[in-house]
Amino acid sequence: MYRRFCADRVKVKFVEGWSLRHFSDHVSKDSPEIKKVLELNPRAKRQCRMVPTAQVKEERKFWMRVREKGLQERPSLLNNFEAVGDTTLSERAALKEAARCLKCADAPCQKACPTQIDIAHFIGCIASKNYYGAAKAIFSDNPLGITCGMVCPTGDLCESSCNLHATEEGPINIGGLQQFATDVFRRMGVRQVVPPEALNLKNADKKIALIGGGPTSLSCATFLGRLGYKDITIYEENEYAGGLSALEIPQYRLPIDVVNFEVNLVRQLGVQFKYGIKLGSEDLSVQKLLMEGFDAVYLGIGLPDPVSLPIFKDLTAQMGYYSSKTFLPKVSRGSKLGLCAGCKKNNIQFEIPELDGNVVVIGGGRTAFSCARCALRCGAKRVYVAFLHGTSNIHVIPKQVRQAIEKEYVELLPYLMPTKVVVRDDKIAGMEFHRTTQTVEGNIEMVEDEKMSLQVDYVISAFGSTLANNQLKKALYPVEIDEQSRVKVDPKTLATNVPRVFCGGDLAGIGHTVVEAVNDGKVAACSIHCMLQGKKLGMEPAELPLFHTEIDTVDISVEVNGLKYLNPFGLASGPTTTSAAMCRRAFEDGWAFAVTRTVVLDKDEVTNVSPRIARVVNHQQGSFMNIDLVSEKKADYWFCAINQLKKDFPKHRIICSIMCGYRESDWVELATLAANCGSDALELNLSSPHGVTEKGLGMRLGQNPKVVADICRWVRGAIKIPFYVKLTPNVTDIVKIAQAAVNGMANGVTAINTVSSLMDLRADGSPWPAVGAEQLTSYGGMSGTAIRPLALRAISAIAEKLPSISILGAGGVQSGETALQFIHAGASLVEISSAVLNQNFAIIENYCSSLRALLYLKANPPPGDGHLWDGQSPPQPLHQRGKPILSLRNLKNQPLGFFGADLCEREATMEQLYDICGSNFTQPDPPTEEQHLAVMCMEPKPASKLAKLRGAALKHIGSFKALDVKQQQVSLINDDLCINCGKCYMACCDAGYQAITFDKDTHKPLVGDNCTGCSLCHSVCPIIDCIRMVPKKIPHVVNRGSIKQSED
C-alpha cells in the first residue's frame, strides 16, 4: 500500500494508493516537442566549434544582409528614387542616438551650425520623446529644418565639432536626428502662426519683395513674417516654389513633399507667392520694384547658368549632352510627383531622361554626384565621375561618396581634364582627357603627354554655376556685380550698393550650401527689419521670434490650494536649490515653483561629507544615489532670500522645506518664521533617509503615523498657509502615512522622497561614494528614473484613497511625458531634481513644450492615423534600417526577408515594380490646394485643462482580482519589421513558455498556439511595434502541469 502526503490547509494527511513509480512522465525534462523548439536556443559552451572555411564561405552567403562583393550583375536603379540616406533614423534609433548626446555647455556643435540651431536642446527633447519641442527648436533658427536635416553636410559643420569625436563611439548623427524630429512634426498636421508679440509691430505694412522662391528667400520671408510684416511677396519664375531644393536636389535625397511642406509653412504666415514671373522680363526688375514703392527688395535667385567649357559648345541633349542645370530639373520634373500643381491642372506630363548607355559626369562636387546617381536611375548602364583633383578633395558628404561607389557602382576617375568630346553621326561616342597633377602648393597642372580616352554615350557637365545671362544682369541694375558674376554685398548685413536692396544665397557668393543660403535669408531679414524700423544696419541685432504654433498657446497653468502656478513644474528640495541665487535663475528660465533646500534650526545644522553623489549604473540612466544632507546655510539666510525672491517674482511660488525633531516648540518656531518671511507654502521633510535619521529627524519621524499626525497638528496651529508632508517610500503602507498627514490637517503630501539604498561596491569590496582614507560609506537615497514606478504606485494609491488632498509628485519626472503620467496618477504638481542634475535649468522649456504638445494632440489628433499615435510617437511604418519598405511575398505566399536569397529576390522584385510602374509609384499623393486651404483655415479644438486630467488613470488601476482572465491576448510578430535577432525566442525559451519557434533556415520567429500572452517577448524586442499584443482567437487552455499515471 502506497501513501502520499497532501497539504490540506494547515493539516497534513495520508492519502492511500500513490507512488512516484506510478508515473510514466519525467516532468522535470522537456518533452520531445519542446526539445525541438529549443534546438536553436543558446546553451553554455562546453567545447570549440570547427567548420571548414569553404563551408563558412558558402553559409555566409545565406545570411548576408548586403550584396556580395564581386558580383558581375549590377543592381538596376531604373526609376528608383526612394530615399537612400544613411543618416535616416527610426524612432528606436533616434532615441538611442539622442541618449548618447552629452548636451555640452557652450555646445561647439551649435557654434559650427550656420543657422545656430540649439542642437543640445533639440537632441535633449528627442531623448525625452518631445518631438514637437525638438522641431520647434530647429524651425526657430532654420525654417527649412527638414531640408537641411536631409541634405546638410553635417560632417563638415555641426558634427565636425561634436565633442564625442574624442570618444570611440564618434560624433552624434545630428542630421539624422534633425530629420527625424522635423518629419514627426510634419506628420502632426500643426500649422505655423505669427507669434503674439509680433501683432503690434510698427511699420508692419511696409512692402517687401523677394525675388526667387528658393531656400534663401523662403528663410528671409519666414523671419519677416514672424516679425509681423504683413505685405511680403515672393516672385518665382516657375509654377512652384522651392528653387534648388525642388529642381536640383534629387527625390532620393529630398522628397518633394518635404519641400512643399516647408513652402506651406511660409504661406501660413501670410506670405504671398506670384509664380511665372521671371527676373529680366518686362514684368520684373530691381528698378521697377523700387519704383512701384517696395520698401525692401531681397535678391535670392541663385546662379541660374552653368559654368561650361569650349569643348561643350554646340552640343545638345539630342546628341547626349546635358549640363547639371538642364539634367537635374528634367529628372526632378519626371520623378517628383506633385512638383507642379499648375502642370497637373493643365495635364502637362514630364518624364525622366532616358540614358541607355555609359555616362561620364564632369565635376567633383555635390552636384556632380547627384547627376551621376540620377543617371543610374535614368537607365545608365555605367557611370563615371571625372574630375581634376584627387579623391581626397571631393567636396561631397563622405557617406554619399561611399554609397555611390559601394552600393551603386559609380566609378571615380580622378586627375583628369576633359579636352575633347568625340561625336559620331551626331551622337556622343566618347571623351578624351589629359592627365593632371597637383603641385605642393595645391595647384592643378595638366600633363601634356598623358592622355586617356573613354567610350561614353552621354556627357553631363557639373562643375559650377554662374550668372552669365545679360538680360538678368540688366534686370539687376543698378546693383553692382563683381568680376566673378556675384552681387557685391556687405558680408555682415548682405546690403548691396543700392539702398533698400539686399542679396543672399549663391548670388551673393558667401555661402555654398543650402543651410548657408538659409542663414543668408535669416541675416537679411534682420537687416531689412532694422532698416524698416529706422535702426542702423549691423549695429543692433534684431531679436527674431521663435517658431510658433497653436501648441504654444495651450494653457498648462494649474491652481492648487488657492495658489496659481504658471505650470506644474518645480524644483525639488535638493542640490538644485542649494542657494537662493539658483532659485532665481530657475524662475528666470521658467520654472513655476521651487522647494528650498531643507531648512533646519541652528542647533540642528549639518556639515556634508564628500564625495556624496553618484550616478546609478550608467550615463544614460537618469538616476542618482546620494548621502547629501539638508541645507548647510543658516535659517536666517533662507528667510531673507525668500522675502527677496517673492518681491522680484510675485507670480512664482516658493515652498520652504523645513525639518525638526519631535518637539512641538521647534516645529512651531521654524514654521512660523518660514511663513512670515513670505513663503507661499511649506514642505515638511519627514522623509530624508540618511544622516539626519541618526539624530531622530527625517525618515525616523515619517515612518510613524502618530508622529506625523502630531507634527502636522503643531504646524497647522502655527501657520495659515498651505503645507505638505514629504513622504518616505521606505514604509510598508504609504497611504497610512498620508492619512495621518490629512488627520493632522495638512493640505497635501509630496510623494515620494528618495529610496534608501547602497550605491555600488567595487571589485575589492570598497564602496562608492567612499569617504576618507578608511573608504567608508553609508546608506543613502536613490532618486530619478529608477524609482519612478515606486512613485507612480504611491501617488495612485494615495489619490485613490484620499481624492480630496493635493499631491506633489516626485521621483523620476524626466520629461513632459512622464509628468503627464504623474498627473494621470493623481498628482497636481511635480517636483524635479535628478533631471536637472543630468542637464541644467533650461530643460524647463523641454518640459513645458512637451506637455503642451501632448495636451494639444489629444484634442487635435494628427490627420489620417491620429488614432494610432501614442502621445508624440507616430505609428511605425514598415521599415528596415530606418527606411520604408514594401511588404513582399514569394511564390509560396511567404514574407520575403532581408538577407540571403530573400534579399536578392526582393531586389529583383522591386526592380521589376519600378520598371513597370515608374519612378513615383511609392510616393504618396500630394495634398491638393483645397486641403492646404483647409489646414490654413482650421480652428483647433481647445486642449483639456490639467485639473481635468488629474487622476485620469485611476479608473484603470485596481485589485488583481478585478482583472478579467477571460480576455486573453497573445503576441503577434510583424515579419516586415522583424530583424531576425531571436530575442523573443530566447526569452520565451528560458524565461517563458516555449511558445515561440525559430526557423533554422529563415530565422523567422513564429508564435505558437500555446502562447499565454505574458508579453515578455514584447518587452525584450528591440524594434518598436514589431511585436503587438492582440486578442486571442482560440480557447485559452491553461497548462496545469498534469502528468500521466502508469497502469501498474
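1. Which residue just after H8 takes a positive phi? Glycine 189 does, at about 75°. Keep in mind throughout that this is a predicted model.

2. Helix H8 itself covers residues 174-188. The helix has 15 residues and reaches 22 Å from its first C-alpha to its last. That is close to the 21 Å expected at 1.5 Å a residue. Of the 15 residues of H8, 12 are buried, so the helix is largely enclosed by the rest of the structure. The buried set includes Ile174, Leu177, Phe180, Val184, Phe185 and Met188.

3. A salt-bridge network deserves a look next. Asp183, Arg186 and Asp257 are linked in it. The structure holds 28 salt bridges. Side chains of opposite charge can pair when their charged atoms come close.

4. Take the pair of lysine 646 and aspartate 680. Their side chains meet in a salt bridge at 2.9 Å, N to O. The pair links distant parts of the chain, 34 residues apart. Lysine 646 sits in helix H20 (residues 635-648). Aspartate 680 is in the loop between helix H21 (664-676) and strand E25 (681-685). Buried or exposed? Lysine 646 is buried, and so is aspartate 680.

5. A local pair lies in helix H23 (residues 705-718). The side chains of aspartate 710 and lysine 706 meet in a salt bridge, 2.9 Å from N to O. They are four residues apart, about one turn of the helix. An α-helix has 3.6 residues a turn, so residues three or four places apart point the same way. Aspartate 710 counts as buried because its relative accessible area is 11%. Lysine 706 counts as exposed, at 55%.

6. A further bridge joins the side chains of glutamate 480 and lysine 488, at 3.7 Å, N to O. Glutamate 480 is partly exposed, with a relative accessible area of 38%. Lysine 488 is partly exposed as well, at 42%.

7. On packing, the largest nonpolar core has 201 residues. Which residues have the most contacts inside it? They are Phe122, Leu684 and Ile798. Helix H28 (residues 843-859) gives the largest share of this core, 10 residues.

8. Leaving aside neighbours within four places in sequence, isoleucine 798 is in contact with Leu727, Ile734, Val735, Ala738, Val749, Ala751, Pro803, Ile805 and Ile807. One of these, Ala751, returns in the next point.

9. The bond from alanine 751 to isoleucine 752 is cis, with omega near 10°. Isoleucine 752 is found in the loop between strand E27 (748-751) and E28. A cis bond also joins serine 610 and proline 611, where omega is about -5°. Proline 611 is in the loop between strand E21 (593-595) and strand E22 (613-615).

10. Positive phi also turns up in residues other than glycine. Aspartate 425 has phi near 55°. Aspartate 425 lies in the loop between strand E12 (416-424) and strand E13 (427-438). With a relative accessible area of 74%, aspartate 425 is exposed. Histidine 1003 also has phi near 55°. Histidine 1003 lies in the loop between strand E37 (996-998) and strand E38 (1005-1007). At 24% relative accessibility, histidine 1003 counts as partly exposed.

11. Finally, the surface. Which residues form a nonpolar patch there? Leu758, Leu761 and Tyr779 do, with about 330 Å² of accessible area together. Leucine 758 is placed in the loop between strand E28 (755-757) and strand E29 (760-761). Leucine 758 counts as partly exposed, at 41% relative accessibility.

Terms used. Residues are numbered from 1 along each chain as its sequence is written. This is a predicted model: local features need pLDDT of at least 70, side-chain atom pairs count only at pLDDT 80 or more; totals for chains, interfaces and linings use all residues. Side-chain values use heavy atoms; hydrogens and water are left out. Patches are made of residues with over 30% relative accessible area and no salt bridge: like charges are joined within 9 Å, nonpolar side chains (Val, Leu, Ile, Met, Phe, Trp, Tyr) within 5 Å. Accessible areas come from the Shrake-Rupley method with a 1.4 Å probe; for residues, only the protein chains shown count as cover. A salt bridge is a side-chain nitrogen of Lys or Arg within 4 Å of a carboxyl oxygen of Asp or Glu. Helices (H or I, at least four residues) and strands (E, at least two) are DSSP runs, numbered from the N terminus. Buried means under 20% relative accessible area, exposed over 50%, partly exposed in between (1.4 Å probe, protein chains only). The expected span of a helix is 1.5 Å times one less than its number of residues. A nonpolar core is a set of buried Ala, Val, Leu, Ile, Met, Phe, Trp, Tyr and Cys residues joined through side-chain atoms within 4.5 Å. Contact means heavy atoms within 4.5 Å.
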